[in-house]
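Subject: Structure for your review

Dear colleague,

Please find below the structure that I am passing on to you. I would be grateful if you could read the notes that follow with the structure open beside them.

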Amino acid sequence: MAAGLCYADLAGMLREAASLLQANRDLLSQLDSATGDGDHGTTMSLVAAAILESLEAVTPTAQALLESAGWSVLSVDGGSASPLVGSFLLGMAEGCPPSSELSGGDLAAALESGLAKFRAQTPAQVGDKTMLDALAPAVEAARVAASQGLPPDRALARAAEAARHGAESTTSLQAKYGRARNLGPRSIGSADPGAVSISLLFRGFHAALAANRTPPLQER
Amino acid sequence: MAMKKFINDPANLTVELMEGMALAFGGRIRLDSGKLVFRAQPKPRDKVALVTLGGAGHEPALSGFVGRGMLDASVVGEIFAAPAAPKVFQALKAVEREAGTLLVVLNHSGDVMSSNIALEMARKQGLHVRSILTHEDIAPGAGAPASERRGLVGCVPLYKVAGAAAEEGFDIDRVCAVAERFNRNMATLAVALRTATHPSTGQAIFELAEDEMEIGMGQHGEAGTGSMKLLTADETARAMLDRLLEAVQAKAGDKLLVVLNGAGATTLMELFIVYRAVHRILTERGIEPVSPLIGEYLTVQEMAGFQMCVARMDDELVRLWQAPCDTPYLKVC
């Protein structure tokens, strides 16, 4: 089962991730109400709609698909979420080889390039209670999985798991960025909505592949 | 408690307010694609252009300062949220010129991200664009890293001096030098008395007890240096001005610009009472006040409080500050 990712897989991943973000709109806004101004679910719904809209246009390659999704997300007026998620997708496009099928290593390279572009936008570090707390471990898990020769779906399963853990870990962290920073120690006790969004994104990526393939891949 | 504001659909606030503003000042400004504001009569292409960006909900800032002697374009985001990078790029592209463009960015994370992405796009396309980041808030301490200091109302006088320089035909290096000199020599502190309602969500943007005030509050309710018991106008003026004068190292013989910017629900009566104290303290110390700006320029809905901005001025800055301008919300004849 060392199948690579084809164009349709990638489109399916983006579609599933967007649907999952939209389905969790209220949860994300609720989380944001605890520490921010309560609009993160709305913003991520717009980001998701932008991703879905970009999928309607036919693009020639996986790289073009990611680039189109990235630009579409960047065009959302939404404070910090849209430049961060948009940069991540654009970075993925830049790190994506032009081949028609992506290996686990290709996927990991794309994710790492996405992470680098994301980090160029923000001084936040892991532990600052931001999206990065889910994104950094997810990309690292995919990298390690690929270096062990695992195919993309297995790598994404591990990435999704790492993102989930990362998002959960933000509950005990104190915010250093965004409006949550005002709360100081009072920001502890609630997960960072941005990190949860990233976790949903990776869960969607993995779920799309798990649904597409037989037998369904599950981490034991 | 339900939100008490004259609005229609909370989802359409920015669109409706920008349409209203453009209709009100049709001869002066022109609205493009809903969120880009340009001068109705563009500045000649041989002069440097000035562009800025920022969230809505702070009216008249920032678009109220588009016009002769100040901005060429402003890019508007959603309420309290930065505009998307492609729109910022679109504005830079629209005013593109060999003379060059200066993008003025207020230090707020969303604005900085959108600007950086837009600047990268602009440079890839060979546009002649420079940028400056305002971060004159001294609430975290005048020596705190620039990244932790927000851009507050000081952007308005900066648009004025840099805009006047551009209008006079300064080249891009000299316009940037004026803007950077002003930026280095200004400092702002905000004080809040009562919170504001986020007009999209209806939620209060921060909480403050009835008998308290907070010095250092940001324009979205970002925390300052902690709440304290309410002081009188004279005491508040002195507490803020002492820190500001120290930050800009003002000394006897210096000329100082003072901006008192009402946050939305603080009356001109209060601002004049505060200015009286400020003027007296400056005179005591032998510092010469330059024609001040007192009123509502960058608001935060119905927040009560004000921002006090000071800038140490040299003769050229004073001349540029007093040069003619004609924008919807700032005119000098």
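Domain bounds, as used here, come from an automatic or database domain assignment. Please bear in mind throughout that this is a predicted model.

Chain B

For chain B, the assignment gives domain 1, covering 11-184, and domain 2, covering 186-314. Taken over C-alpha atoms, the centres of domain 1 of chain B and domain 2 of chain B are separated by 23 Å. Where the two meet, 21 residues of domain 1 of chain B are in contact with 30 residues of domain 2 of chain B. On the side of domain 1 of chain B that touches domain 2 of chain B, the elements giving two or more residues are helix H4 (155-167) and helix H5 (172-184) of chain B. Sorted by class, that side of domain 1 of chain B has 13 nonpolar, four polar and four charged residues.

Helix H8 of chain B, residues 315-322, deserves a separate look. Its buried residues are B:Leu317, B:Leu320 and B:Trp321. These three cover an arc of only 100° around the axis, which puts them on the same side of H8(B).

Chain A

Chain A has nine helices and zero strands. Its radius of gyration is 16 Å, close to the 17 Å that the globule rule gives for 220 residues, so chain A is as compact as a globular protein of that length. Along the principal axes, the C-alpha atoms of chain A fill a box of roughly 45 × 35 × 30 Å. Of the 220 residues in chain A, 62% count as buried. Among contacts in chain A between residues at least 6 apart in sequence, 67% join residues at least 24 apart.

Yours sincerely,
A colleague

Technical notes. Residues are numbered from 1 along each chain as its sequence is written. Chains are lettered from A and ligands numbered from 1 in the order in which they are written. This is a predicted model: local features need pLDDT of at least 70, side-chain atom pairs count only at pLDDT 80 or more; totals for chains, interfaces and linings use all residues. Helices (H or I, at least four residues) and strands (E, at least two) are DSSP runs, numbered from the N terminus. The radius of gyration is taken over C-alpha atoms; the globule rule is 2.2 Å times the number of residues to the power 0.38. A residue is buried if 20 or more other C-beta atoms lie within 10 Å of its own, exposed if 12 or fewer, and partly exposed in between; C-beta atoms are placed from the backbone. Two residues are in contact if their C-beta atoms, placed from the backbone, lie within 7 Å. Ala, Val, Leu, Ile, Met, Phe, Trp, Tyr, Cys and Pro count as nonpolar, Asp, Glu, Lys and Arg as charged, and the others, Gly among them, as polar. The arc is that of the directions from the helix axis to the C-beta atoms.
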